[in-house]
Amino acid sequence: MTKEERLKKRHSAEKRFRFYGLASIFLALLFVLILVHNIFSKGSSAFMKTAINVEVFFDQELLEIKNGASDDEILEADFFDITIESLIKVYPAKNVEEEDALIELFTTDAEIEIKRAFLENNNLIGKKINLEITASDDIDQLHKGNYPRDIPEDRRRISDFQLVIYDNLVENQKIIKNFNNYFFKNGDSRDPELAGIGGALIGSFYSIIICLLLAFPVAVLASIYLEEFAPKNKITDFIEININNLAAVPSIVYGLLALQILLATIQLPRSTPLVAGITLALMTLPRIIIPCRASLKAVPPSIREGALAVGASKFQSVFHHVVPLALPGTLSGTIIGLAQALGETAPLILIGMVAFVVDIPSTPIDPSSSLPVQVYLWSESAERGFVEKTSATIMMLLSFLIVMNFLAVYLRQKFEKRWN
Amino acid sequence: MNFVLIFLITIFSLSLFFYGRSKTKSISIEKNIKLNALPKFYGYYLVLWCSIPSLVFLLIWTLFEPVIIKSIIIETAANQGAIFNDKNEANLIYEKIKAIYAGTYFGDIDTILKESALSYAKFINLFTNSKIVLIFGIVIASVIYSLKKIKNNNKARDDVEVILKGLLFASSLIAILTTLGIIFSLLFESIKFFSVINIFDYLFGTNWSPQRAFVRDASAITAEEYEELKDAFGFIPLIAGTSFIAFIAMLVAVPVGLFSGIYMAEYASLKVRRISKPIIEILAGIPTVVYGFFAALTVGPFFRQIGENLGLTVSSESALAAGLIMGIMIIPYVSSLSDDVINSVPQSLRDGSYAVGATKSETIKKVVIPAALPGIIGSVLLAVSRAIGETMIVVMAAGLAANLTINPLESTTTITTQIVMILVGDQEFDSPKTQSAFALGLTLFIATLVLNYIAQRAVKKYREKYD
């Protein structure tokens, strides 16, 4: 091999090596792109729901209430009959089976929706109005194009007759897409068209607030102690080793801790944001302490010495001068820690947040779900409608995380002082 | 009740602040003496003395009250003739008693339950009353003590600082308490588990099927039953599955992570670095449940489809899908750590290599990487410890049945998956099945601890070498 050949070979090896590096970065970026695209393409349709325009006649004989009835009377009244009467008039049905097939096109909450319309306007007796009744999950998925029509009837959840009605409705422009308010307002449900993340949102909110209230002060105080006051001795070393180890303990172990100590020993209520918040706080604590200490360490010693020189006590120098300067870094570390806690699932599953909760929690000691746990729960469901709901929940979760991370970066860049 | 007490203590403390401040001012004017601290510090001193002892007491009391009341009530119920065979039934009866007390129980109430509910009400009252009395006592005692100190013109600022320093120290102790809590809660149940199942049968058993482990009475297990039990709690398939999935993850994460770390540290311009580094770190910020969803609903079926086209049987919960996605999740851990490690290799080593005519890639391969190797190994070990502790991806995308296999297309299970499967939903107390989850947790805890320890030692040693 001549010198030139060898040099050429070496240079092409150089180029190859460089290419591998670049390729790995692009591969990683590609993964991000595929993941985000996959979630968004599946989930964006969940923000709309399919409704069917139905003419409802409020028949006094069937309802047995009068115009101007009070809210209590309306709530007591039975709207079932007029619901059925209105729904089966959407398309001429020949027999009871066909009527049943018609009713199956609509959500099981159709009666409640009609009742709600009457509650808003109690002078509708004897009148006909057009209402947009939410369609059943199957029709919803069909209308959004997520449901294949060309498979044999016995493997479909929608019968041929229902497809005929659907096509007829589409032709007459009776099928409409509305903003899916149920998705944000409702709690969990077995029916995908009624299921929402309202309960999970509130549960996550309470958990994170409790986590913040517990973890932030303790983390800041602990890092001030370790960075500013702690003598160099065995106890301090031991605390530091502990914190570093805790930051690397798998999150599921915190779930076991919560199960044994919080639920079994001191008997806090199961499945509640309170327990979730405490568990997440224990887990987040070391993860906040580490950036807090880094930002305290970044404050130059001259600041402390200056304060001490004009007669401040050690405490005054720390709390009046060092801590305010370290605050932006501290806050951004806290927000990033909270963002991790918001996405944490495994410990929450162990403390029973997987329970099926329909009601929206009003206090932190009501049973509740949380956003990531809702993702887990829905992803286990067989119904097709839950796939888009899960993806949409992930979209909500990711957007919260993005906002929190941007806030952390902004705080750091805007307020942090550079010392060199 | 607790909220009212906390509110009262807060209000009282705040008013003491103003009292202390004005009182010391007036004392200094009256007696014409110089105060040893600014007046406000006397206020702080009173606030701290008034609030901290009472709040700490309240916290401890609230934590232990339900436990104590429960044991008393169960004991009295047993004395009155209530029969319960195990902890489950005792808990059930206790819940009934509580429901009767709250007026939300609609079943039949026999005399034992009625008596117990009455004594429950009595104890609740007694405990609440004594709590209030004791808290008032503590507040009054500490306020009298601190007022006396103030009147003697103490060095309030120094005293306040001593108290605050104690508070700071106490907060840093929470880390130790958490560790103790973890060790205690894992050991407690694990010891119970190992008293039933021999630890060697657990560690070296090759069959894991806890759902078969049904024990009528955990305290008296016959030899026959034990043979069956022993067969249900073999750890080998779990550690095999866990390592296997972690291995697949590492096959993805190490090359991609390492190469991007190298590129970022050695080749990338500042601009490329500034953009690509945060984007790769997004991968670390995505919640693992999202990866799990992606693996279970997209990647798993996708691999299955490819397998079908190639004529292979691929499980839709294949180890390959879970491992691949876990590997993607771990890329940023490897890349950013190795980036740091490579960056801290001294420039003089590179310059030496360039001086003898090596190309950039030769320098990296022959000089930089060997120099950074301990740090890189440390970062890979940290990544491995993340992989074996990772839960959601494997719960959603890997199998549930323990399966000793090295075929990546079949499904296997992992330690974390089994913990979740055992503990999700209703659990029986004191059954080896529930306890086994804690034994698994303990094993996992020890494994990650050892890995982290070695990794941190490696990174630290490496840092010291070039400092």
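Me: How many residues of chain B are in contact with chain A, and which helix of chain B gives the most to that side?

Reply: This is a predicted model, in which local features need pLDDT of at least 70 and side-chain atom pairs count only at pLDDT 80 or more, while totals for chains, interfaces and linings use all residues. Residues are numbered from 1 along each chain as its sequence is written, and chains are lettered from A and ligands numbered from 1 in the order in which they are written. With 20 residues, the element that gives the most to the side of chain B is helix 5 (residues 156-196).

Me: How does the side of chain B that touches chain A divide by class?

Reply: Ala, Val, Leu, Ile, Met, Phe, Trp, Tyr, Cys and Pro count as nonpolar, Asp, Glu, Lys and Arg as charged, and the others, Gly among them, as polar. On that basis, the side of chain B that touches chain A has five charged, 21 polar and 42 nonpolar residues.

Me: What is the orientation of helix 15 of chain B to helix 16 of chain B?

Reply: The axes (lines fitted to C-alpha atoms over the stretch in contact, with angles from 0 to 180 degrees between N-to-C directions) of helix 15 (residues 415-423) and helix 16 (residues 432-466) of chain B come within 9 Å and cross at roughly 150°. Angles under 35 degrees count as roughly parallel, over 145 as roughly antiparallel, 65 to 115 as roughly perpendicular and the rest as oblique. Helix 15 of chain B is therefore, relative to helix 16 of chain B, roughly antiparallel.

Me: Why is helix 11 of chain A oblique to helix 13 of chain A?

Reply: Helices here are DSSP runs (H or I, at least four residues). Helix 11 (residues 234-248) and helix 13 (residues 273-297) of chain A have axes that come within 8 Å. Helix 11 of chain A is oblique to helix 13 of chain A because their axes cross at roughly 120°.

Me: Is Gly306(A) buried, exposed or partly exposed?

Reply: Gly306(A) lies in helix 14 (residues 301-309) of chain A. A residue is buried if 20 or more other C-beta atoms lie within 10 Å of its own, exposed if 12 or fewer, and partly exposed in between. Because 13 other C-beta atoms lie within 10 Å, Gly306(A) is partly exposed.

How values were computed:
Helix = DSSP H or I, 4+ residues; strand = E, 2+ residues; numbered from the N terminus.
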